[in-house]
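The report below works through the packing, strands, helices and chain contacts of one model. Please read it alongside the sequence and the coordinates.

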Amino acid sequence: MKKGKILERRSYRLRCLRNWALAALVLFLMWMGAGYPLPRSMEFQRMERQRLLHPSQILLEVEGGRSGDDDLALGVTEDHVHTFNLDLNRLIVWERQEDRPTLVPLPGETRYMEGWNSYLASSLAAVDAPAEAAAATVTIELTYNGVINDRPVDWAETYVLEGEQRGDCWFFQFIRHHAGEGSLEEEAEDYWLASLTSRLTYYPTEDLPSYTLEFFDSEGESLGRYEDTFRLVGWRE
Amino acid sequence: MRRTYWWLYAATKKIRFSMDRERVWQELEGHIQERMEAGEERGLSRDEAEKAAVAAMGDPEALAEELGRLHAPYWGWLWRVSQWALGLVLVWSLLAGAWPRALEDLWGYLEGVSEVELPPVVETSRVEYEEGKFYETTSRLVRAWQDLELGEAGGYRWSVPVAYLRCHTQSEDAPADVPDYNTLTIYLAAESCRFWERWEAGGTLFTVTDNTGYAYPDWEETYTPRRGSIGASDYIAYSFGPYTGYETCFSATYRVPDFFSAEGVLEITSVPHPEALEWLEVTVGGERLRIDLRGGEVQ
Amino acid sequence: MAPKEKGNAPGGASMLVLALLKDQEMYGYQIIEELEKRSNNVFQMKEGTLYPLLHSMEKEGLVTGREGQSPAGRTRRYYRITSSGRRELEERERAWHVYASAVSAVLAGA
């Protein structure tokens, strides 16, 4: 046993406590600096509490196109549908129809692959679909009337989106018609689609296009055809 | 000194934490040595004195048992682990780049926010509405309130730190679509001990009514976008309709006045009959908060 | 609060040690010597008894220890009584006096 430095028992206990306290403090400061992150499901509920909304049941989580994390979500309450963008701290409230399926846009961009390229896409989701549905489509017409790069543009396109079932929701993405053409149509489509989600969620109801939502059973027979518009309750910013 | 060494070894072997063991070893060793010195003074030889001193110390096994139980290693390991824990956590925080954000936040909380100042009692501003054409708006602070407690709703305690009513009168040469109007500005604060989920003022939906039964429409209902193009660029403009559209607008001036509360600003353009205004009722999350607006006249 | 003593009789080694430390700080060897001296060799405490006692009293906060040195450079740990130690001593002294006078009374016949 060497005669080394002798430590006072009292003092090393205090130092021990001090170390743990400092470690806890540093962890807390890190947590605070990161914006008090919580586990994902708790994050959505917290967003609702902060806005004094009723807690919803999350039915869909989708990867956001920009960050690559699961940061878009959809939740339902009795009367409303909540859509979330966790990254941007956005929560949008939509009316939930009593007697028919409800279609809502997701408040952020997603991605899809076409060959070797990936594209940012706006997407929609439907809840309260008929249980026997095996396929779904959304038909929606987009128009743009204005000027792009000094050229006047008068553009209108009808999109038919194929639905993908994810849990209790049906998920639809806007696949581009004119990708890679270099044409004016491509520019117009690009401009419109790139800002579509913003338009659908940030601008007043008058601006929102109407759509036709249809469900089919496994034989291809129609289970219901619904023409409607997006019913925004509110958001704020 | 082998006898001493073996005795000390046996007596301290059950003390598991090395620092404690070292300390007790030293203490007991000193004791034995002093006994030895006393023995040598009495005339014993070195070796005999050592033998006597060690014998006087008693049975090392029994002592070892007691000392081992007493100097439990919990504290020892706790201390060692605490050093590692602190080190790791500090390194992690540096790698994660946590310090700039954390220090900024901390500074923000410590510094606090400046007090809201009431606008001046009378203020005149000049507005150019067309090239070379001006008109004047005179804004008068008519009523002001401070520190109103509103009660609890949605898990937060609500209050109005400051609120005021201003009347804006236009000069005679003002264009026809700019009428006299008033603005009611209410700072709304929500407090809660849950500092990790402060009120999100920018994201809350609410409705506002007053004592005359009037329900203030949300700005969304009066918000008209106009799309068009000027020359080579296209634009989207937003206008709040004519000023006689009594809009409620909750601006996103979102402040964190202290660690436990968040503030937003409620702006109402044109209360229909300001002289008859007694209270405002704000509904958030299905619960109602009443803002008592009696009195408050400004000289 | 106090370290466990064998039997419930008032008094006991810890009371004696605390009493010794009441007026001055002492180290282990010194305590044994002083105890012998003051009690006229009636109390001869063994190291095997003293050190566990001192260490456990220190753990409970009745005494505090600090490192010191003998003139010859030997390591000594000096023990000093704390305020809670003083309170403990008072209580035990009181209990002891009650006990002692009770015993005397019984022996004297009443």
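## Nonpolar cores

Ala125(A) touches Leu60(A), Leu74(A), Val104(A), Leu106(A), Cys169(A), Trp170(A) and Phe171(A), leaving aside residues up to four places away in sequence; two residues are in contact if their C-beta atoms, placed from the backbone, lie within 7 Å. The model is a predicted one, in which local features need pLDDT of at least 70 and side-chain atom pairs count only at pLDDT 80 or more, while totals for chains, interfaces and linings use all residues. Residues are numbered from 1 along each chain as its sequence is written, and chains are lettered from A and ligands numbered from 1 in the order in which they are written.

Ala125(A) and Ala126(A) are the residues with the most contacts inside the largest nonpolar core, which has 69 residues. A nonpolar core here is a set of buried Ala, Val, Leu, Ile, Met, Phe, Trp, Tyr and Cys residues joined through C-beta atoms within 7 Å, and a residue is buried if 20 or more other C-beta atoms lie within 10 Å of its own, exposed if 12 or fewer, and partly exposed in between, with C-beta atoms placed from the backbone. Strand S3 (residues 156–170) of chain B gives this core its largest share, 6 residues. A second, separate core has 37 residues, including Leu67(B), Leu70(B), Met26(C) and Tyr27(C). In soluble globular proteins, nonpolar side chains tend to be buried together.

## Chain A and Val138

The secondary structure of chain A comes to 3 helices and 14 strands, where helices (H or I, at least four residues) and strands (E, at least two) are DSSP runs numbered from the N terminus. Of the 237 residues in chain A, 34% are buried, and among its contacts with a separation of 6 or more, 53% join residues 24 or more positions apart.

Val138(A) belongs to strand S9 (residues 135–148) of chain A and is buried, because 21 other C-beta atoms lie within 10 Å. Not counting residues up to four places away in sequence, Val138(A) touches Leu103(A), Leu124(A), Leu161(A), Gly163(A), Phe172(A), Tyr211(A) and Leu213(A). The C-alpha atom of Val138(A) is separated by 9.6 Å from that of Gln173(A), which is 35 residues away along the chain.

## Strands and a helix of chain B

Strand S4 (residues 181–191) of chain B pairs with S10(B) in the antiparallel sense over 9 bridges; two strands pair if DSSP finds at least two bridges between them. Within S10(B), Glu263(B) is the bridge partner of Ala189(B). Strand S10 (residues 261–269) of chain B has 7 of its 9 residues buried, so it is largely enclosed by the rest of the structure. An open sheet of 4 strands in chain B runs in the order S6-S5-S11-S12, with antiparallel pairing. Strand S6 (215–216) and strand S12 (287–292) of chain B stand at its edges with a single partner strand each, so one side of each is left without a neighbour in the sheet. Strand S5 (residues 206–210) and strand S11 (residues 279–284) of chain B pair over 5 bridges, also in the antiparallel sense, and Phe206(B) stands opposite Val284(B) in S11(B).

Helix H2 (residues 18–41) of chain B has 24 residues and should span 34 Å at 1.5 Å a residue, which agrees with its end C-alpha atoms being 34 Å apart; the expected span is 1.5 Å times one less than the number of residues. In H2(B), 17 of the 24 residues are buried, so the helix is largely enclosed by the rest of the structure. Gly43(B), whose phi is positive, near 110°, follows H2(B).

Chain C has 4 helices and 3 strands, which follow the pattern α-β-α-α-β-β-α along the sequence. Of its 110 residues, 29% count as buried, and residues 24 or more positions apart account for 51% of the contacts in chain C with a separation of 6 or more.

In the loop between H2 and H3 of chain C lie Asn40(C) and Asn41(C). Phi is positive at Asn40(C), near 60°, and at Asn41(C), near 70°, in each case in a residue other than glycine. Asn40(C) counts as exposed with 7 C-beta neighbours inside 10 Å, and Asn41(C) is exposed with 9 other C-beta atoms within 10 Å.

Between the chains, 15 residues of chain C are in contact with 17 residues of chain B. Helix H2 (28–38), helix H3 (47–60) and strand S3 (75–81) of chain C are the elements that give two or more residues to the side of chain C that touches chain B, and H3(C) provides the largest share of that side, 7 residues. By class, this side of chain C has 3 nonpolar, 6 polar and 6 charged residues, with Ala, Val, Leu, Ile, Met, Phe, Trp, Tyr, Cys and Pro counted as nonpolar, Asp, Glu, Lys and Arg as charged, and the others, Gly among them, as polar.
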